[in-house]
Each structure stands twice: as C-alpha cells, then as structure tokens.
Amino acid sequence: MAMDYKKCAKEIYENLGGRENLVSAAHCATRLRLVTVDNSKINMKKLENIDGVKGVFSSNGQLQLIIGTGTVNKVYDEFLSVSGMTASTKEDVKAAAAAKQPVLKRMIKSLGDVFVPILPAIVASGLMMGLVEALGKAVPSFAEGDWYGILDMMANTAFTFLPILIAVSAARVFGGNIFLGAVIGMVMIHPNLINAWTVGSMDAADIPVWHLAGFSIRQVGYQGHVIPVVIAVWLMSRIEKWLHQHVPEMIDLFVTPLCTVLATSFITLGLIGPVFSTAENYVLDFAGWIVTVGYGIGAMIMGGLYPLTVVCGIHHMYNVIEAGMLSAEGGLNIWMPIASAANFAQGAACLAVGLKAKNIKTKSVAIPSALSSALGITEPAIFGVNLRFGKPLICGIAGGAAGAFLGSLFHIGATSYGVTGIPGFLITLDYTVQYAIVLAVAFAVAFALTWVLWKEESEDAENGAQEKAKADVQTGSEPAETKQAEKCVLAPVKGSIVRREEIPDETFASGVLGDGVGIEPETGEVLAPFDGVISSVTDTRHAIGITGPGEMELLIHVGVDTVSMKGDGFELFVSEGDRVKAGQKLIAFDIEKIKAAGYHTTTAVLLTNSDDYSAFRVLKTGKTEVLEKIMSIEER
C-alpha cells in the first residue's frame with residue numbers, strides 16, 4: 001500500500017509542539033531536518049511510531065527524522081503545506097541550530113570570528129612591540145636613538161589603529177559594508193579626539209566637549225578598545241541593512257551610506273562611548289581600592305580579573321593607578337606584579353595550547369602569541385587563542401590569580417610602569433628572586449591546568465592533519481593519507497563484518513537509515529569509533545548516536561529488535577552531549593543474554609548521513625579487531 005505522505009507530514013507536525021515551536025525545516029536525501037524552540041514540547045515516542053518515520057534522533061541542535069530516499073522530499077513538501085513554513089536549505093537549518101546556542105557562547109564565537117582574520121597583524125605587532133620595549137629597557141641609549149623610534153613606530157601601528165582593523169573584520173562578520181566599517185573605526189580614533197590612553201591622567205574639567213542640540217559629546221578617542229568598536233559596527237550593520245530595505249533604489253547608493261555613518265557615529269560617540277567611559281571609571285576605582293585589601297586577596301582577585309579587562313580594552317587605563325603609586329613619597333608600583341602575573345599566565349595557557357594542538361594553524365598562532373605574552377603583550381594570546389577556546393582563558397585566570405597573590409605577599413614593587421613579563425625584571429631589581437617565583441607560579445598553574453583540561457576539538461585536529469598532509473605534498477614528502485578529505489570510521493566492536501544488506505533486519509538492510517555494515521560481535525563492548533560527541537542515546541541502552549569529524553553521524557545499534565529487552569543486559573557509560581575519544585568505552589552488553597532472549601546479536605554500524613558525502617566506502621570485510629578502519633567517507 002502506498003504511503004500517505006500528507007498523513008505522515010500532518011502527524012509529524014502535530015507532535016512538534018505547534019507552529020510557534022518550529023524555527024526552520026529542510027531535508028536531505030533521507031532525512032527531514034528540523035530546528036525547534038523547545039525540544040521538551042516534542043512527543044518523541046509518537047514521532048518514532050508514525051508510519052513512514054524510520055527513526056528519530058537529535059544531532060548538533062537539529063531534530064532529524066529518517067524517512068528514506070525518494071520519500072522524504074514528498075513528505076517535506078506536505079510538511080511545508082501543513083505547517084505554513086517556507087523552504088530552507090541545510091545550511092539555513094544549521095545556522096538556525098547555531099542560533100539556539102546560549103547568548104554568551106554566541107557572543108564569544110562572534111568575537112572570535114572578528115579576531116581570527118586580523119591575528120597575523122596583531123601577533124606580529126605584539127611580538128615586535130615586546131622585543132623593542134625589552135631592548136629599550138635593557139639598553140637605555142638604544143631607547144634614545146633613531147632605530148628605536150622607527151622600530152617602535154612600526155611595531156605599535158597595528159595596536160594604534162586596532163579599532164580600524166576590528167571594525168573592518170566586524171563588518172564582514174555582521175554582514176555590513178567593510179568600508180563603512182572602516183570609517184566607523186577611523187571616527188573612533190580620529191586625531192581630533194584626545195587619545196584614550198592619556199585621558200586617565202587628565203582632570204574631567206579639562207576634557208573638551210562638543211555641545212550639540214540637547215546633548216554633549218566628549219572629544220575622547222577609543223585607541224586600544226575592543227568591545228565598543230564591535231558593538232558600534234554591529235549597530236552600523238543593522239542600520240545599513242534596514243536602510244537598504246526601506247530606501248528607494250534610485251537614491252540608495254548615497255543615502256544609505258551617509259545615514260548609516262552619521263547615525264552610527266553619533267550613537268557611538270554620544271551613547272556607546274560614554275557608557276563604556278563610565279564603566280572604565282568604575283573599574284579603575286574598584287581596581288585601585290581592591291589592591292590595598294590585606295593578605296593578598298585583593299591582588300589575587302585583580303590578577304584573575306585583569307585578562308577580562310584586556311578583553312574590554314580598558315587595561316591601558318591602569319597606567320593612572322601605577323602613576324599614582326609612583327608619585328607618592330617613596331612610592332613603588334605594586335600594581336605591576338599583578339598585571340605581570342596575569343599576562344604571563346595567559347601566555348602559559350596559550351603555550352600549552354600551542355604545544356598540545358595538532359592543528360597547524362592553531363600552533364602557528366599560539367606559540368608566537370605565547371612569546372609575545374612573555375614580553376608583556378597579551379592581546380594576540382587572549383583574542384587569538386585563549387578566548388576562542390574558553391578553557392585556556394579560565395586556566396590563565398587561575399594562574400594569574402595565584403601569581404598575583406604571591407606578588408602581594410612578597411610586597412614586590414616596581415620602579416616604573418608600562419612593562420610586564422620578562423622585561424619586568426629590569427624594573428624590579430630589588431625583588432629579582434621574588435618576581436621570578438611569581439612568574440614561575442603563574443606559568444606553572446596556567447600551563448598545567450590548560451594541559452589537563454583543554455582538549456582540541458576533533459574537527460580542529462582533523463583539519464590540522466589535512467594541513468600537514470597538504471604541506472607534505474607541497475614539499476614533495478609522501479603524505480600520511482593519499483586522500484586528504486577522507487575520514488574513517490573505526491570498528492566499534494570486535495567480530496566479523498557483514499555487508500549492510502545481510503543485516504537480519506529489513507530497515508537496516510534496506511539502507512533507509514544510511515549506509516554501513518553489520519558486525520557479528522565476539523566481545524560485549526562498544527568503543528567510540530572516532531573522536532566525537534554523543535548526539536543521542538536510547539533509554540534501553542542498546543543504541544547510541546555519535547557525531548564526529550566532517551559531521552559524520554553514526555548510529556551503533558547492538559542486536560536486532562533488542563529494544564524489546566528494555567535495557568536488560570546492557571550498560572551505558574556515556575550521556576548525550578558527552579565528548580568522547582576514539583577507543584573510549586560506550587556500551588557493555590551481554591551476548592549470551594541477547595541470544596537467550598531469542599534476538600540476533602548483529603550490531604549495525606550505519607552512517608545515517610552517508611548521502612551527504614561524495615563517496616562512501618567499506619574498507620574491510622570478514623574478521624576485524626576493535627578500532628581497525630572499516631569505513632571511510634570523502635567530503636564533497
């Protein structure tokens with residue numbers, strides 16, 4: 001009897017929690033892909049029992065219903081009709097799924113997307129700045145010469161004009177015109193504005209103000225700032241898009257850019273800027289007060305918070321605190337060891353990432369950025385590596401707090417300011433040993449924690465392997481793998497491989513759930529077939545879904561009809577959302593108990609999205625040891 005596509009689509013729709021719970025819908029060759037607002041409103045059991053639905057699972061924020069080749073497109077058309085939704089592509093669905101991530105995670109990702117393209121500039125400048133400053137402190141006569149002057153100018157150019165670099169990159173990320181973004185960046189550091197790094201040393205009454213109709217704008221620049229620039233360009237992109245939609249095409253070419261730049265500039269200088277300026281003053285007042293708290297607790301807190309102020313771009317304002325400490329009679333700069341410990345710890349965390357990572361690009365950014373941090377310039381390490389990966393930033397914060405605590409207990413005082421890290425030895429001559437201990441502790445804590453806690457994403461590691469293979473080809477070396485885009489599935493169980501068509505279950509054998517193989521198990525253990533994330537587990541513990549490199553979505557189903565055993569004889573060692581490494585134990589099962597219950601033990605290993613790839617191959621038949629290569633795919 002022919003399948004009733006409309007009935008199937010209607011029943012699917014009725015169990016998804018209503019139209020307001022649906023974000024987007026698309027389909028591939030075998031599956032209906034949905035993104036919903038709240039998965040708790042979905043009736044999973046009823047979905048699984050709908051005639052025509054062969055399986056249901058969640059992966060990467062998507063609800064995927066396996067329907068089958070030649071059928072899913074017809075059900076999809078009926079689903080759009082029933083739900084009133086418009087067609088989406090797989091990319092649209094992926095974007096919608098990503099949009100469901102927590103706001104903080106999306107914000108950090110956006111910030112990382114902004115900084116990744118400009119990393120070469122700030123890494124090179126940061127390293128050069130550190131070296132030039134260190135040489136200038138070590139050799140005072142060099143600091144007074146022309147060579148120092150021109151090298152210093154070249155080194156700090158990227159940081160002097162950092163808001164422009166950030167603005168251009170942010171416009172690209174937020175979908176705005178990159179040249180309008182550049183103009184906004186230029187407005188924020190225009191030479192008619194007072195340099196942000198000198199404002200802190202001025203009395204508020206001395207800062208010039210533009211008095212406009214009903215409001216005023218301080219003539220202050222935003223050199224070294226990050227967050228205000230990103231917010232300003234995000235706003236600019238939204239204004240530009242709105243104007244493109246509403247301004248008549250005949251005058252859009254000049255009206256939209258003009259209005260976009262004027263509106264964004266006024267809002268930035270008149271609202272965004274003052275808000276952050278006020279926040280800076282509060283931070284400075286708090287920092288100046290807390291470092292005087294006894295027993296090193298205040299120093300420890302600021303040692304931890306310092307990298308977060310770097311993210312906001314307000315750390316340069318601490319020069320005001322340091323100058324005040326030095327101006328007091330017999331005063332020493334006790335802020336310096338706090339900042340130095342924080343910077344050195346971030347560099348240590350960055351170095352741990354660089355040494356541990358397999359991805360060549362990650363290594364090439366992390367290692368020089370770590371050296372830059374050791375010389376006192378942390379922006380490359382924080383924005384290029386630590387903030388992007390999250391855990392290294394936190395581990396660096398822990399190391400900075402530990403080092404700053406010791407620095408306070410040792411009563412270390414510097415004779416100048418503006419220098420941290422290794423060059424800091426030149427201004428802490430009376431505390432050389434203590435200062436060395438502070439840096440060593442900050443480094444050790446941050447490096448050790450990062451090494452233990454941070455794990456490279458499997459996709460990053462795969463990309464690193466591909467980059468190395470490409471480099472081998474370019475240099476004439478023999479690559480480790482002949483097919484660079486090829487990714488493999490390892491045998492999750494030991495036993496004998498049978499063709500998919502020979503699995504004693506019609507649904508598995510037909511390929512409706514994807515291509516793959518069956519394995520007649522000799523041992524009762526299922527191991528992870530690659531590094532990945534557990535995307536789904538069954539209540540009955542007999543099946544598991546895992547997403548891996550190249551977005552491979554693998555189903556491992558132990559036995560045939562073993563769902564009827566209701567978990568008896570099965571033990572699960574992971575939960576949905578867990579990250580696993582190849583070879584990690586996922587399921588234990590009792591082979592004899594399955595046989596005694598009258599079920600086949602054949603374990604289906606199926607790539608449920610095999611149709612997404614340009615090629616799928618079975619690499620091995622017959623006997624297999626666990627973790628031998630059994631299948632491979634090539635990305636399109």
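1. E628 has a relative accessible area of 29% and therefore counts as partly exposed. The model is a predicted one, and the remarks below should be read with that in mind. The side chain of E628 meets that of K620 in a salt bridge, with 3.9 Å from N to O, and K620 is likewise partly exposed, at 22% relative accessibility.

2. A further salt bridge joins K623 to E522, and here the closest N and O atoms are 2.4 Å apart. K623 belongs to strand β19, whereas E522 sits in the loop between β9 (515-521) and β10 (525-527), so this contact ties together parts of the chain that are 101 residues apart in sequence. The two partners fall into separate accessibility classes: K623 is exposed, at 57%, while E522 is partly exposed, at 39%.

3. E625 forms a salt bridge with K494, the closest N and O atoms lying 3.9 Å apart. Because E625 is in the loop between β19 (622-624) and β20 (629-634) and K494 is in the loop between β7 (486-490) and β8 (495-499), the pair connects parts that are 131 residues apart in sequence. Both residues are partly exposed, E625 with a relative accessible area of 44% and K494 with one of 28%.

4. How many salt bridges does the count come to? The total is 13. Some of the salt bridges share partners, and in this way R499, R500, E501, E502 and D515 are joined into one network.

5. Turning to the aromatic side chains, a search of the whole structure finds eight aromatic pairs. In one of them, Y13 and F79 are arranged edge-to-face, with 6.3 Å between the ring centres and 70° between the planes. Y13 lies in helix α1 (residues 5-14) and F79 in helix α3 (residues 72-83), so the pair ties together parts that are 66 residues apart in sequence.

6. Another aromatic pair, that of Y306 and W335, is tilted, at 6.4 Å centre to centre and with 55° between the planes. Y306 comes from helix α14 (residues 297-312) and W335 from the loop between α15 (319-327) and α16 (336-356), and the pair thus links distant parts of the chain, 29 residues apart. Y306 is buried, at 7% relative accessibility, and W335 is buried as well, at 1%.

7. Which residues form one aromatic cluster? The members are F344, F443, F447 and W451.

8. Helix α18 (residues 379-389) deserves a separate remark, as 10 of its 11 residues are buried and the helix is mostly covered. Its buried residues are E379, P380, A381, I382, F383, G384, V385, N386, L387 and F389, a list that includes the charged residue E379. The helix is followed by G390, which has a positive phi, near 85°.

9. The second largest pocket holds about 1,100 Å³ of space. Its lining is made up of 38 residues, of which E48, G55, V56, T538 and H542 are the closest to the centre of the pocket. At least two lining residues are supplied by each of α2 (44-48), β3 (55-59), α22 (506-510), β11 (532-537), β12 (543-547) and β13 (553-557), and β12 gives the largest share, with five residues.

10. What is the make-up, by class, of the lining of the second largest pocket? There are 15 nonpolar and 15 polar residues, together with eight charged ones. Both helices and strands contribute to this lining, α2 and α22 being the helices and β3, β11, β12 and β13 the strands among the elements that each supply at least two residues.

Methods:
Residues are numbered from 1 along each chain as its sequence is written. This is a predicted model: local features need pLDDT of at least 70, side-chain atom pairs count only at pLDDT 80 or more; totals for chains, interfaces and linings use all residues. Side-chain values use heavy atoms; hydrogens and water are left out. On a 1 Å grid over the protein atoms alone, a cavity is a set of points where a 1.4 Å probe fits but cannot get out, and a pocket is an open set with protein on both sides within 12 Å along at least five of seven lines; lining residues have an atom within 4 Å of a point. Grid points are joined across faces, edges and corners, and a volume is the space filled by probe spheres set on the points. Helices (H or I, at least four residues) and strands (E, at least two) are DSSP runs, numbered from the N terminus. Rings of Phe, Tyr and Trp (its six-membered ring) pair if their centres lie within 6.5 Å; planes under 30 degrees apart count as stacked, over 60 as edge-to-face and the rest as tilted. Buried means under 20% relative accessible area, exposed over 50%, partly exposed in between (1.4 Å probe, protein chains only). A salt bridge is a side-chain nitrogen of Lys or Arg within 4 Å of a carboxyl oxygen of Asp or Glu.
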